[in-house]
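Welcome, and thank you for opening the viewer.

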Amino acid sequence: MGDLKQYGLVRAQERLRDQVGHALRAALIAGELRPGQIYSAPGLAGDLGVSATPVREAMLDLAREGLVEPVRNKGFRITEVSERDLDQFTELRTLIEVPTVGRITRSGDRERLEALRPVAQEIVSCARAHDLIGYLEADRRFHLALLALSGNDRLVETVGDLRKRSRLYGLTGLDEAGKLVSSAEEHLELLDLMIAGDVSGAEECMRRHLGHVRSLWADARDEPVGRPQ
């Protein structure tokens, strides 16, 4: 297992549990912690320079998000997602998000759509700054806030759950290759089409964007992963 200290130093003003969780998420996204591998709390604590207790607490938080699963008397296994799972998640998101974008575009609420532009720009800025955690968090906020304009809370919850189950791992290689920036810029394109009232254009943009996200999943899985435990 590699040196995880680079993914976030513990600061006194923040709860240790939260800071450890942030560091572990960064390691997951970078591919330093590998899907399918089991990691012990004491081992991770040694790499982070903290005690095992906040690591166990942080890993339990990650387990509730579906990122890891407890393994009795051993530690935590990084959750694996199969290609079939990813295909099905993408199909479900396409069935939900594409027509929803069309309905929102028809509603003509330009002001509320324009209010999402700062978040769309934040996604692009994070991609260009190689801030992977910021990129994924801004992307999550944009998509769920956009879908919330439909007024269907259950729809938003469903997509939020699908996103959790299809987390991206090992994004460092894609980031270094510049593959995240083009996907990030599609959020601005989508907003422009929706504000312009172009229903078919917005639906096609969302369909294409989700297809690109699926391609990123495939590319991320093909990238070399972090150092072994």
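## Stop 1: the sheet

Start with strands S2 and S3, which run antiparallel and are joined by 4 bridges. This is a predicted model, in which local features need pLDDT of at least 70 and side-chain atom pairs count only at pLDDT 80 or more, while totals for chains, interfaces and linings use all residues. Residues are numbered from 1 along each chain as its sequence is written, and side-chain values use heavy atoms, with hydrogens and water left out. Helices (H or I, at least four residues) and strands (E, at least two) are DSSP runs, numbered from the N terminus. Two strands count as paired if DSSP finds at least two bridges between them.

Select Val68 and look across to S3: the residue opposite Val68 is Ile78. Now bring in S1, which pairs with strand S3 (residues 75–78) in the antiparallel sense over 2 bridges.

## Stop 2

Return to S2 and S3, which form a hairpin with 3 residues between them. Select Asn73, in the loop between S2 and S3. Asn73 has a positive phi of about 65° although it is not a glycine. As background, most residues other than glycine have a negative phi. Is Asn73 buried or exposed? With 76% relative accessibility, Asn73 counts as exposed. The classes are set by relative accessible area: buried means under 20%, exposed over 50%, and partly exposed in between (1.4 Å probe, protein chains only).

## Stop 2: helix H1

Move to helix H1, residues 16–30. The 15 residues of H1 should span 21 Å at 1.5 Å a residue, and the end C-alpha atoms are 21 Å apart, which agrees. The expected span is 1.5 Å times one less than the number of residues.

Colour the buried residues of H1, among them Gln19, Val20, Leu24, Leu28 and Ile29. Then step just past the end of H1 to Gly31, which takes a positive phi of about 90°.

## Stop 4

Show side chains for Arg93 and Glu97, which form a salt bridge with the closest N and O atoms 2.5 Å apart. A salt bridge here is a side-chain nitrogen of Lys or Arg within 4 Å of a carboxyl oxygen of Asp or Glu. Both residues lie in helix H4 (residues 83–107), 4 residues apart, about one turn of the helix. Arg93 is buried, with a relative accessible area of 4%, and Glu97 is buried too, at 0%.

## Stop 5

How many salt bridges does a search of the whole structure find? The search finds 17. To see some linked together, select Glu122, Glu137, Arg140 and Arg141, which form a network of salt bridges.

Centre on Glu137, which is partly exposed at 34%. Glu137 meets Arg140 in a salt bridge of 2.7 Å, N to O. These two are 3 residues apart in helix H7 (residues 132–148), about one helical turn. Arg140 is partly exposed, at 32% relative accessibility. Glu137 also meets Arg141, at 3.7 Å from N to O. Arg141 and Glu137 are 4 residues apart in H7, again about one turn, and Arg141 counts as partly exposed at 30%.

Phi of His130 is near 60°, a positive value in a residue other than glycine.

## Last stop: the cysteines

Finish with Cys126, which is buried with a relative accessible area of 10%, and Cys205, which is buried at 1%. How many disulfides does a search of the whole structure find? The search finds 0 disulfides, where a disulfide is a pair of cysteine sulfur atoms within 2.5 Å.
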